[in-house]
Amino acid sequence: MRLNSEDRAVLDHIARDGGQIVDRAVDWCAINSGSRHLAGLERQRQILLDAAARLPAAPIDVPLSPSREVAADGRETEFQHPPSLAVVVRPEAPVQVVLTGHYDTVYPETSPFKIVRTRPDGALHGPGIADMKGGISVMLAALEAFERCPEAANVGYRVLLSPDEEIGSIASGPVLSDFARRGHVGLTYEPALADGALASARKGSGNFHIVIHGRAAHAGRDFAAGRNAVIGAARVAEKLHGLNGRRDGVTINVARIDGGAPLNMVPDVAVVRFNVRFPEAEAAAWFEGEVARIVGEIGDDLHAHLHGLITRGAKPFNAAQQRLFGAVKDVGALLGQDIAWKPSGGVCEGNNLFASGLPNVDTLGVRGGDIHSEAEHAFPESFVERAQLSALILMKLASGEIDARAIRAAMETH
């Protein structure tokens, strides 16, 4: 690979627009778009519709089906998500790229973490600045600049921005799968690590809830007639926690127990909520078998019902992934960026894309850290760095210096 004059012109354009790439991400962070804050999500979506309108094809809404949730009293409810936003450009082009991101954050509507400030070390500190409003700004900047490339017609792309990644992409998952089947490679804009490293192998993940039903009774007059669901939940939680260490790479995090009653009443409902991480499909199957056993052994005249599912399969660093990451490393070298990678226990839309056969790099967003906390930050200089990296990846896909079809073929033969 080499840099030519057309490449340099696109990269220079990004450098000139660097302040705007940062500023719009900062502005977006002032909008609370927590995954369950529907008004905030809608406001963010409308702003992104305007921002994406600068691409060659008009953005469109992709309606999502409601997801099922388990309330604290054990009843199932529906949660209606706002649409995903999509842009489809040149679907007839010989090379097809899928670019994904999410416009929800982890911060609830009531969070006091609302604005971006600059730390003494120059880092931007604010909600979503790294995960991933900064990443979306980088993505759009790269695509806008790429359209200046003389060979842009060789690459078509599908952009998908979704409102539910932080709660497992349960509603947008089928759309991600559909997009993945139409592409050769995928680019996703989760934040990179602070040193710019990418996530290589990723574990899979699932979110589950076990609802335990007992029998209510007066704690004084008729205690023996009661069947205590909270005690059942505690026993289930202990057994789930006891699975840790029994299978290499599998972790079960019991995150919460809902339930309870007045102190003079035996509680009849409780809910145990937990997450699993696993390194491969065989480990996931082992976990599912163990959970089924725990549910089936509840005893004491209690009844347990399992809800939830594995939302993201594991993403091993297979031959196709290695080939794609090697190409990204070569592109980075042209820019003076030393691209490295390491495995991650985290999950993201890259897991969904991989599960549907699409090789992808899913940490092309800004450099930053402390995501999912009120210390979240991003380094402002990384906005231009990462936009230039993505734009040059697209240009090398267009020129054929990165062989997208061969990378996808390596995935299919794995």
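The paragraphs below lead through the sheets, the helices and a few single residues of this structure.

The model is predicted, and for that reason local features need a pLDDT of at least 70 and side-chain atom pairs count only at pLDDT 80 or more, while totals for chains, interfaces and linings use all residues. Residues are numbered from 1 along each chain as its sequence is written, and side-chain values use heavy atoms, with hydrogens and water left out. Helices (H or I, at least four residues) and strands (E, at least two) are DSSP runs, numbered from the N terminus.

We begin with the sheets. Strands of a sheet pair through backbone hydrogen bonds, either parallel or antiparallel. Here two strands are said to pair if DSSP finds at least two bridges between them. Strand 13 is joined to strand 15 (residues 269-278) by 8 bridges, the two running antiparallel, and D258 has V271 in strand 15 as its bridge partner.

With a relative accessible area of 23%, I310 is partly exposed, a class that lies between buried (under 20% relative accessible area) and exposed (over 50%), as judged with a 1.4 Å probe and protein chains only. Not counting residues up to four places away in sequence, I310 touches S205, G206, F208, F278, A284 and E288, where contact means heavy atoms within 4.5 Å. From C-alpha to C-alpha, I310 lies 29 Å from I60, and the two are 250 residues apart in sequence.

Strand 4 is mostly covered, for 5 of its 6 residues are buried.

Which elements pack against the buried residues of helix 5? They are strand 1 (60-62), strand 4 (84-89), strand 5 (95-102), strand 8 (155-162), helix 9 (349-355) and helix 11 (404-412). Because 6 of the 8 residues of helix 5 (residues 173-180) are buried, this helix is largely enclosed by the rest of the structure; the buried residues are G173, V175, L176, S177, F179 and A180.

A further open sheet has 4 strands in the order 6-7-20-19, with antiparallel pairing, and its edge strands, strand 6 (117-118) and strand 19 (368-369), each pair on one side only. Strand 7 (residues 124-125) and strand 20 (residues 377-378) pair in the antiparallel sense over 2 bridges, and H377 in strand 20 is the bridge partner of H125.

We turn now to the helix pairs. The axes of helix 4 (residues 133-146) and helix 10 (residues 381-399) come within 8 Å and cross at roughly 45°, which makes helix 4 oblique to helix 10. Angles under 35 degrees count as roughly parallel, over 145 as roughly antiparallel, 65 to 115 as roughly perpendicular and the rest as oblique. The residues in this contact divide into 11 nonpolar, 2 polar and 1 charged, where Ala, Val, Leu, Ile, Met, Phe, Trp, Tyr, Cys and Pro count as nonpolar, Asp, Glu, Lys and Arg as charged, and the others, Gly among them, as polar. Helix 1 (residues 5-16) packs with helix 10 at an angle of about 155°, their axes 9 Å apart, and the two are therefore roughly antiparallel to each other.

Finally, H37 has its place in the loop between helix 2 (18-29) and helix 3 (38-52). H37 is buried, with a relative accessible area of 14%.

Notes
Axes are lines fitted to C-alpha atoms, for helices over the stretch in contact, and angles run from 0 to 180 degrees between N-to-C directions.
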